[in-house]
Amino acid sequence: MIFAIEEINKDPALLPNTSLGYRLYDNCVNLGVALKAATSLIAGEDDTILDYNCQGLPPVVAIVGDPGSTHSIAILSILGLFNIPLVSYYATCSCLSNKYEYPTFFRTIPSDAFQVKAIAEIIKHYGWTWVGALASDDDYGQNAIKFFKEEINTFGCIAFMEAIPKIHQKDVIQNIVKTIKQSSATIIVVFCSEVELLAVVKEVVHQNITGRQWIASEGWSTSTVLASSNYFGSFGGTLGIAIRRGEIPGLGQFLLQIQPDFNNNLFIQFWETVFGCKFQTKTNYSVANGPACTGFEIIRKTQTAFNDVSELRASYNVYKAVYTLAHALHDLASCVGGNGPFENNTCADIRSMKQWQLLHYLKKVNFTNKLGERLAFDDNGDALAIYDIVNWQQAEDGSVKIRTIGIFDKSANAERELVLDEDNIFWNFELGNIPESYCSKSCLQGTRKAIRKGEPVCCFDCIPCADGEISSGIDSVECVPCPSDFWSNPGKNHCIFKEIEFLSYEDAMGITLTAVSLSGFFISVGVLAVFIHYRHTPVVKTNNSELSFLLLASLSMCFLCSLCFIGQPSHISCMMMHAIFGISFVLCISCILVKTIVVIVVFKATQPGNNVIQWFGISQQRFTVFLCTFTQILICIVWLATAPPFPVKNTKYNMSKIILECNIGSVTGFSFLLGYIGLLSGICFLLAFLARNLPDSFNEARFITFSMLIFCAVWITFIPAYVSSPGKYTVAVEIFAILASSFGILFAIFTPKCYIILLKPEQNTKKALMSR
C-alpha cells in the first residue's frame, strides 16, 4: 500500500499537485481490534476538531481493507452511516454484493459467487458428481457453501457438508476427518482460510488419509504453510482457485529498503527472525536468541517470503485498490464546473469534498493499469471475475510448488470461461490418473436412471430399458418408446425396423406345407386319372362315376386353395383364399352328401313297390350339388361386397415383430361360411352313419362315415388351435386343417376303390360285386 501511494504521488499525470497520505492499522485477526481501528480512522483519533470548526477534509476519505468478510460486514455497519467507501482486497463473501445493505463496499477481489462458479466448472469439466464440502463456520464459509450447493445440484450431489470451527476443538476436527475417511466421495471442496484449516490438515495427515482430490478456495490455495512437503502425501495435487497473480515493477527493490523501526515491535520481531539475531535493548519484543543485531544487516542477501515478489496475489489486490481510489479522486478533481454530476451540474472540491461524493466517482472507475489489466467495478461493487487455477506439485528438490495451470475468466470478452493446461496437472493418484468420484456410475445407453429411495439423486440404479424402448444418451432419465413400425435393438440404444413375419414360400414351414399341398393335388389328379381310365369298370360305375369325378376335382381345388394362404397377404389374396376355400369345400361336401343320399335312395329302391329312384336321378343329383354350392357362392359374394377381408399389420401378439395377416373383415360373414360347411358336413355325417349297415354291395356309406368323422374331428380341433396359435402359425394351422380334412376324405373314400382297381382287378367285376 505504501509503495502504491508513493508511486502515485510521484506520477505527474495522476492527481497532479495533490499528495495522498495514509494511516495504517493492524486488525490482529480480531474483530474487536478491527472495529476499533475503523472507528479511529473515521473519528481521527489524533485530531482535535471543534464543534464550531467542521471545515476541511474528513480524517480519511476511504479505507482499504478489511481482508476478512466477517470483519468487513461489521465495519460497514459503521462506515455506512458516514458514506465512507471501503475497498477490500480479500473479503469475498457474496453477501457483500448486496448494495442495499452495503452501499459503500467495493472490492478488488471477485465475489465468492464467481469463485463457486469456477470450482463448479472444474468439477463439471472432469465429470465429478459426488463431492464432499468443508467450510469455515463464518460468513465467508457458510455463504460460499450455500452458493456451492446450488451450483453443484444442477449436475451432481454433495456427499457431506461439515463446518470447520473458528476455535480449534479436537473432537470436532476428529469427527470431520472421520466423515472424510468413511465417505465414498474422493473430491473434497474446502472454503476456508489456512489458519482454520491447519488443524484439519494435520489430522488428515496423522490418520494417513490418501486418495482424495482436494479443491481449494482462494483462502488457502496459495498457502505456503499448507503446501509443504510434510503434507504432500495427503494433499499433493490439490487444485485451487487463486487470486490473479500480478508482477508489480519496482516493488522488490522497494521492499529491500526496509530498516528497523524501534517504535514498532513488528519490525523488530521481523528483523530478529530473518537474521536470527537479537536486539539487546529491545528484549521485550525479542522472539529470537542468537548474536546481537546491529540494524545494519543486509536484507537483500536473504531469501524469504518477504522479498519474494513472484507470487503477488493479495498484495496485487491491495495495489489495485489504492489505484482505483486514486483514479476516482483524479476524476473528481478533473471535474469541469457546469458539467458536474451533482446538483445544478456542480463539481466537488477535492480540498473540501465529502465521502459520498467520492462514492459517485468510485462506482464509475474504469481504467487499465501499468500491467495491462482493466480495472472497474460492476453494479455490485465487485471486481471483474478472473481467477488463476493452481496445482500443488513437487519439485525435484522435494519442495512443493504452487503452479498456475489454468485460468477462469467470467468477463464478457473471454472466449472460454475455463482454460486448463491438462498436460501439466499433477494428480496424486495411482499412475497419475484423473480421479473419479461418483455415488453411482453413469448409466450407459440402453438403460435409465432409477433413483434410490431416501438417497441423493446421484445415487441410482441403472435399469435396462424395456423391450421396444431405447435410451441413446448417457444417464438418461427415461427410455423413449420406438415408433409403431420400429423396435429396439439388442443394445436398446436405437430403433430398428421390426421383423416382418408371414408364412412364406422360403421358410421351412411354408416349403413343407406347399409340398404336402401339391402332393395332395397330384394324388387327387392321379386318382381322378385312374377313375377316368377305369370308368367302365363295375367299381367306378357302382360308385356314381360322375359324382366321383366331381368330388376328386373339388378335392384337387381344396389342396390348391391352401397355397393361397402362403405368401405375403394382399387385398386380392385375403379375399380369394377364404372364398376359394369355402366354395371348394362346399362343392366337396355336396358331392359326398349327394353320394350318401344316392346310396340310401338306391337301397330304398330295391324294396318292392318303391320307385323313389325316379325322383332322385342324375338331374336331381346335379341340381343338388349346384344348389348347395351356389348357396355358398352367394354367402361369399355378400361377405366380400359388404366387409371383405383385408391385410393388416398385427403387433399385439409379439411387439418386436410385424405379423402380416388377413383380417376377416366381417365375423358374421366368416361365421356363415364356416357354419354352412359345418351344416353340410354334419348332415352328411348323420346320413352316412345311418346308412353304415347297408348290404355289402352298397357299403360306401361306411367310408363316407369315416371320412366325415375325420373331417369333423379336424375342424372341431381346429378352432382352439387357431385361436391359440401365434403369428404365422395361425395360418399354418388353417392350412393344416384344410390338408388334413382333404386327405381324410381322399384316403377314406378312394383308397378301398383304388386298391380293388389296381391291386385286385379280379374283384372289379360284376360277378364279384354281386357275389358279395
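Predicted model: local features only at pLDDT ≥ 70, side-chain atom pairs only at ≥ 80, totals over all residues.
Setting aside neighbours within four places in sequence, Glu297 is in contact with Trp271, Phe275, Cys277 and Ala292. Glu297 is buried yet has no salt bridge; Lys301, the nearest side chain of opposite charge, is 11 Å away.

Now for the charges that do pair. How many salt bridges does the structure hold? The count is 19. One of them joins Lys370 and Glu7, with the closest N and O atoms 3.5 Å apart. This pair links distant parts of the chain, 363 residues apart: Lys370 is in the loop between β9 (366-368) and β10 (374-376), and Glu7 is in helix α1 (residues 2-9). Lys370 is exposed, at 56% relative accessible area, while Glu7 is buried, at 17%.

Next, Lys117 and Glu151 form a salt bridge, 3.1 Å from N to O. Because Lys117 lies in helix α4 (residues 112-125) and Glu151 in helix α5 (residues 139-152), the pair ties together parts 34 residues apart in sequence. Lys117 is partly exposed, at 28%, and Glu151 is partly exposed too, at 24%.

Let me finish with a group of four: Arg244, Glu311, Arg313 and Asp388 are linked in a network of salt bridges. Thanks, everyone!

Terms used
Residues numbered from 1 in each chain as written. Heavy atoms only, no water. Buried < 20%, exposed > 50% of the residue type's maximum accessible area, 1.4 Å probe, protein only. Lys, Arg positive; Asp, Glu negative; His and termini not counted. Contact = heavy atoms within 4.5 Å. Helix = DSSP H or I, 4+ residues; strand = E, 2+ residues; numbered from the N terminus.
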